[in-house]
Amino acid sequence: MLTNQLVSYLNQELQVAAIKDYCPNGLQIEGRPVIEHLVTGVTASQQLIDAAIAVNADAILVHHGYFWKGESEVLTGMKKRRIASLLSHDINLLAYHLPIDVHSHWGNNAQLGKVFELEDIEPLATVSPAGIVYQGRTNTTLGEFAALVSNKLGRDLVVCEGDTQKSIGLVAWCTGGGQGFIEQAAAAGCDLFISGEVSEQTIHVAREMGIAFIAAGHHATERYGVKAVGEHLAEEFDLTVTFIDIDNPA
Ligand SMILES: [Zn+2]
């Protein structure tokens with residue numbers, strides 16, 4: 001399909017115009033005008049670019065692209081090498097950050113709720129932008145739920161606190177670096193908050209506000225959104241879509 005056609009479809013479906021973000025969402029680097037093979041991945045790292053070149057991809061679609069607010073604007077070093085690789089191979093880079101976190105069906109948060117087999121999955125109404133924190137229900141203990149999360153994501157977790165018998169009903173989560181939302185989750189009466197990352201202060205908030213907390217990895221919690229978007233595109237259009245997971249322990 002035409003690159004322009006794919007970009008406008010995604011910009012519309014992911015409601016780019018309505019979401020304020022820290023980076024440009026959509027086509028970040030222009031490559032060839034026609035796309036047959038699309039590679040999806042979490043971050044536009046050199047490893048992902050090299051993998052896309054190796055499979056002759058026409059475009060890469062990621063959650064973490066480039067040009068973040070506050071970063072240096074010059075194209076030197078690592079950034080120069082990444083962008084030179086893309087340009088010299090005429091590969092398009094499409095990036096969607098918050099639009100892929102919050103989307104009601106393909107979003108990282110919506111998808112992660114399914115991975116954890118939760119019920120009544122919906123955005124936590126008290127936070128904005130809508131969909132940045134989700135909630136869902138289960139009926140289990142902290143120990144059992146942590147085991148499920150670890151199992152599904154295939155990695156070790158940071159779990160706070162030690163009472164594995166604590167009963168867990170209402171769960172809230174924000175993928176990636178969303179640990180700062182723990183206070184809103186506690187205020188909303190959740191038994192457990194899950195995020196990708198943990199800060200030193202997150203543990204104190206968990207202890208003092210009486211909410212259990214799990215950090216399950218930024219990368220591990222953010223693989224599902226971009227993958228779901230890619231699967232949808234492969235069904236909807238005449239495209240070959242390959243999800244490439246570049247492992248990241250963080
Ligand atoms: Zn992220």
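Trainee: Which exposed residues sit on the face of helix 8 turned away from its buried side?

Mentor: Helices here are DSSP runs of H or I with at least four residues, strands are E runs of at least two, and both are numbered from the N terminus. Exposed means over 50% relative accessible area, buried under 20%, and partly exposed in between (1.4 Å probe, protein chains only). On the face turned away from the buried side of helix 8, the exposed residues are E200, Q201 and E208.

Trainee: What kind of model are we looking at?

Mentor: Residues are counted from 1 along each chain as its sequence is written, and side-chain values use heavy atoms, with hydrogens and water left out. Local features need pLDDT of at least 70, side-chain atom pairs count only at pLDDT 80 or more, and totals for chains, interfaces and linings use all residues, since what you have is a predicted model.

Trainee: Back to helix 8: how wide an arc do its buried residues cover?

Mentor: Helix 8 spans residues 200-209, and its buried ones are T202, I203, V205 and A206. They're on the same side of helix 8 because the arc around the axis (taken from the directions to the C-beta atoms) is only 160 degrees.

Trainee: And what covers those buried residues of helix 8?

Mentor: Follow the chain past the helix and you come to G210, with a positive phi near 70 degrees. As for the cover, it includes strand 7 (158-160), helix 7 (182-187) and strand 10 (212-215).

Trainee: Which residues are buried in helix 2, and which residue just after helix 2 has a positive phi?

Mentor: Helix 2 runs over residues 46-54, and L48, I49, A51 and A52 are buried there. These four cover an arc of only 160 degrees, so they end up on the same side of helix 2. The opposite face, turned away from the buried side, carries the exposed residues Q47 and A54. Just after the helix, the residue with a positive phi, about 65 degrees, is N56.

Trainee: What covers the buried side of helix 2?

Mentor: Start with T40, which lies in strand 2 (residues 37-43). Leaving out neighbours within four places in sequence, T40 is in contact (heavy atoms within 4.5 Å) with L48, L61, V226, G230, V241, T242, F243 and I244. L48 is one of the buried residues of helix 2, and their cover includes helix 3 (77-88), strand 3 (59-64) and strand 2.

Trainee: Is T40 buried or exposed?

Mentor: Look at its relative accessible area, which is 1%. That is why T40 counts as buried.

Trainee: How far apart are the C-alpha atoms of A188 and A172?

Mentor: A188 is in the loop between helix 7 and strand 9 (192-195), and it's partly exposed, at a relative accessible area of 32%. Not counting residues up to four places away in sequence, A188 touches L124, T126 and L170. A188 and A172 are 16 residues apart along the chain, and their C-alpha atoms are separated by 9.1 Å.

Trainee: Last one: which residues coordinate the zinc ion?

Mentor: Donors are N, O and S atoms within 2.8 Å of the metal (3.2 Å for Na, K and Ca), and sites may look incomplete as water is not among the atoms. In sequence, the donor residues are spaced H-x153-H-x3-E, and H218 and E222 are both buried. At 2.0 to 2.2 Å, the zinc ion is coordinated by H64 (NE2), H218 (NE2) and E222 (OE).
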